[in-house]
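Below are my notes on the side-chain contacts in this model. Please read them with the coordinates open.

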Amino acid sequence: MCRGTRGVPRVDDRRVLNGIFWVLRSGAPWRDLPERYGPRTTCYNRFSRWRKAGVWARLMDAISRAHHGEIQMIDSTSIRAHQQAATAKRGGADNCLGRSRGGLTTKIHVVVDAQGLPIRLGLTAGQTHDGQIADRLLDHLGPRIIVLADKAYDADRIRELIQQHGATPNIPPKSNRRWKPCFSKRLYRERNLIERFFSKLKHFRRVATRYDKLAANFLAMIQLASMRLWLRAYESTA
C-alpha cells in the first residue's frame, strides 16, 4: 500500500518570486507579506538561500550582457538606513553602514550603459569616497568605450585605469589641476541618464530606504530592482 508524502507541499517558486517582488516594491517588512504569496518565512528563506547560492548575481550578469557599451557612466547615490538596519551583530562582515551628514547611510555605486541601464553594482559605507570602489566597477572596460563621470572621479589613478583598458575618460577636471585633460561638455550631458536611473531605482521602496541588516541582502534587492528595470526596458521596445 502506497503511503502519502509527508509534510506541507512545496510553495511554487513563481509564487515566492512574486512575494519577493512585492516586498521590494512596497518596502514592507517580511512579516506583512500577504498570504497569497505563501508563508513569509518561506519567501524570506528562499530569497536568502538564492542570494547565498549566487542566483541573483548570476541573473544580473546574464541580463546585463546585452548592454550598449560605447558610452558608460559611473556615479553613486546615498541611501538613508532605517534604524532596524543598524542592529546587525558587530564584529562580523562589513555591512556598508557609515555616518555622513544625513545620519546612517549606505552608498550605492553604479555603472550604466548608453541607455541608462545598470551594468555593475557595488556598495560602500555612506562616508566612503566614490573613487575607492571605481577599480572594481571599471575592470570590465574595453577599447573604444567612453566613460563619463563627475569630478569626484578626477584622479590620475582612475584615469590611468580607464586608459589601461583601452577606454577614454570624459571627466571634468578639478579647478586645482595644472594640466587640463581633454573634456567634451556635449558628451557629458548624457550623464543625465544615470541620474534618471537612480530616480527609477528609488521607486522601489525597499531600495529607497535601507531596511536590510546585511549588505548582501540589500545588494540583492538592488540587483532585483535593476533586473526589473532591464525587463521593463525590453518590454517597452517589444
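1. Trp 230 is buried, with a relative accessible area of 0%. Buried stands for under 20% relative accessible area, exposed for over 50%, and partly exposed for the range in between, with a 1.4 Å probe and protein chains only. The model is a predicted one, in which local features need pLDDT of at least 70 and side-chain atom pairs count only at pLDDT 80 or more, while totals for chains, interfaces and linings use all residues. Residues are numbered from 1 along each chain as its sequence is written, and side-chain values use heavy atoms, with hydrogens and water left out.

2. The ring of Trp 230 pairs with that of Tyr 234: the centres are 6.0 Å apart and the planes are at 15°, so the pair is stacked. Rings of Phe, Tyr and Trp (its six-membered ring) pair if their centres lie within 6.5 Å; planes under 30 degrees apart count as stacked, over 60 as edge-to-face and the rest as tilted. Both residues belong to helix H9 (residues 215-237), where a spacing of four residues separates them by about one helical turn. Helices (H or I, at least four residues) and strands (E, at least two) are DSSP runs, numbered from the N terminus. Tyr 234 is partly exposed at 40% relative accessibility.

3. How many aromatic pairs does the structure hold? There are seven. One of them is Phe 183 with Tyr 188, whose ring centres are 5.3 Å apart; the planes are at 65°, so this pair is edge-to-face. Phe 183 is partly exposed at 25%, and Tyr 188 is partly exposed at 22%. Elsewhere, Trp 30, Tyr 44, Phe 47, Trp 50 and Trp 56 make up one aromatic cluster.

4. A charge also sits over a ring: Arg 25 lies over the face of Phe 204, at 5.1 Å from the ring centre. The criterion is NZ of Lys or CZ of Arg within 6 Å of the ring centre and within 35 degrees of the ring normal.

5. The structure holds twelve salt bridges, each defined as a side-chain nitrogen of Lys or Arg within 4 Å of a carboxyl oxygen of Asp or Glu. In one of them, the side chains of Arg 177 and Asp 154 meet at 2.8 Å, N to O. Arg 177 lies in the loop between strand S6 (168-170) and helix H6 (185-188), and Asp 154 in the loop between strand S5 (146-148) and helix H5 (156-164), so the pair ties together parts that are 23 residues apart in sequence. Arg 177 is buried at 15% relative accessibility, as is Asp 154 at 5%.

6. Arg 177 has a salt bridge with Asp 156 as well, at 2.7 Å, N to O. Here the loop between S6 and H6 is linked to helix H5, with the two residues 21 apart. Asp 156 is partly exposed, at 45% relative accessibility.

7. Arg 206 and Asp 212 form a salt bridge whose closest N and O atoms are 3.5 Å apart. Arg 206 is buried at 4%, and Asp 212 is buried at 5%. Separately, salt bridges with shared partners join Asp 75, Asp 150, Arg 191 and Glu 195 into one network.

8. Thr 128 is placed in the loop between strand S4 (118-125) and helix H4 (134-137). Thr 128 is buried at 16% relative accessibility. A polar atom of the Thr 128 side chain lies 3.1 Å from the backbone oxygen of Ala 125.

How values were computed
A polar contact is a pair of N or O atoms within 3.5 Å; within protein, one must be able to donate a hydrogen and the other to accept it, and residues adjacent in sequence count only if both atoms are side-chain atoms.
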